[in-house]
Amino acid sequence: MTGTWRHLPATARAIALTATTAVAAAQARDGQAYDEAVGGLTADERSGLVLGAVVRLLLEESHPDGLTGDDIRQVLTRCVQESTRWRTDVDPHVVLVLLAGALGVYDPESDESPPDASAVARHAPLLVADLLAATSVPLDDYLAAAFAEIERTERQD
């Protein structure tokens, strides 16, 4: 997987740059930088779509033979436990929604308390950072692949 997102329109580049900053802050466990970057992600609700695609690509890469319920439980547990070591506002339900949404099995209508776009933006970089730890592929490549996939989907619709 190789690619770049730097040729994309300004709004897409802004999402990618902000997501990159947020994930880097999560990897460094830098609360102040994380909060600032996440503020930028909440400004554009399409950031959830992009980060959701990145999560799905990371899950596919780290589980090439498919995901089991135990795999999802392990990812959820690991992400929440690692994140709560430096963030007190981590909500396991939101991380689970991110996982289910990335896999295409989340139905917000059947969720009694679906997270809002702000909660998704606050949690998605944590999950991406956690999943990136299992791969040697740079985030830029996943972002480029996510944007390409979103573009293909939009053209087909």
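**Core, charges and a pocket**

Guide: In the largest nonpolar core, which has 50 residues, V54, V95, L99, L127 and V128 touch the most other members. This is a predicted model, where local features need pLDDT of at least 70 and side-chain atom pairs count only at pLDDT 80 or more, while totals for chains, interfaces and linings use all residues. Residues are numbered from 1 along each chain as its sequence is written, and side-chain values use heavy atoms, with hydrogens and water left out.

Visitor: What makes a set of residues a nonpolar core?
Guide: The members must be buried Ala, Val, Leu, Ile, Met, Phe, Trp, Tyr or Cys residues, joined through side-chain atoms within 4.5 Å. Buried means under 20% relative accessible area, exposed means over 50%, and partly exposed is in between (1.4 Å probe, protein chains only).

Visitor: What does V128 touch beyond its sequence neighbours?
Guide: Leaving out residues up to four places away in sequence, V128 touches V23, L51, V54, V55, L58 and L139. The criterion for contact is heavy atoms within 4.5 Å.

Visitor: Which residues of α5 are buried?
Guide: V94, V95, V97, L98, L99, A100 and A102 are buried in α5, and their cover includes α3, α4 and α6.

Visitor: What is found at the start of α5, and what just after that helix?
Guide: At the start, a side-chain oxygen of D91 comes within 2.9 Å of the backbone nitrogen of H93. Just after α5, G104 has a positive phi of about 75°.

Visitor: Why is the pair R87 and D35 called a salt bridge?
Guide: The rule asks for a side-chain nitrogen of Lys or Arg within 4 Å of a carboxyl oxygen of Asp or Glu. The closest N and O atoms of R87 and D35 are 2.9 Å apart, so the pair qualifies. R87 sits in the loop between α4 and α5 and D35 in helix α2, so this bridge ties together parts that are 52 residues apart in sequence. By this rule, the count comes to ten salt bridges.

Visitor: Is R87 buried or exposed, and how about D35?
Guide: R87 has 10% relative accessibility, so R87 counts as buried. D35, at 43%, counts as partly exposed.

Visitor: How do you know that D70 and R73 form a salt bridge?
Guide: Their closest N and O atoms are 2.4 Å apart, so the pair meets the distance rule. D70 and R73 are three residues apart in helix α4, or about one helical turn. An α-helix has 3.6 residues a turn, so residues three or four places apart point the same way. D70 has 47% relative accessibility and R73 has 48%, so both count as partly exposed.

Visitor: What makes R85 exposed?
Guide: R85 has a relative accessible area of 58%, so the label is exposed. R85 forms a salt bridge with E82, the closest N and O atoms being 2.8 Å apart. E82, at 29% relative accessibility, counts as partly exposed.

Visitor: Which residues are linked in a network with R85?
Guide: R29, E82 and R85 are linked in a network of salt bridges. R29 lies in the loop between α1 (10-28) and α2 (31-42), and has a phi near 55°, a positive value in a residue other than glycine. The relative accessible area of R29 is 38%, so R29 is partly exposed.

Visitor: Why is H63 called buried?
Guide: H63 has a relative accessible area of 18%, so H63 falls under the cut-off. H63 lies in the loop between α3 (46-62) and α4 (69-84). Leaving aside neighbours within four places in sequence, H63 is in contact with D71 and V75.

Visitor: Which residues lie nearest the centre of the largest pocket?
Guide: Of its 23 lining residues, G48, L98, G101, Y106 and V120 lie nearest the centre. A pocket is an open set of points on a 1 Å grid over the protein atoms alone, where a 1.4 Å probe fits, with protein on both sides within 12 Å along at least five of seven lines; lining residues have an atom within 4 Å of a point. The largest share of the lining, six residues, comes from α3.

Conventions
Helices (H or I, at least four residues) and strands (E, at least two) are DSSP runs, numbered from the N terminus. A polar contact is a pair of N or O atoms within 3.5 Å; within protein, one must be able to donate a hydrogen and the other to accept it, and residues adjacent in sequence count only if both atoms are side-chain atoms.
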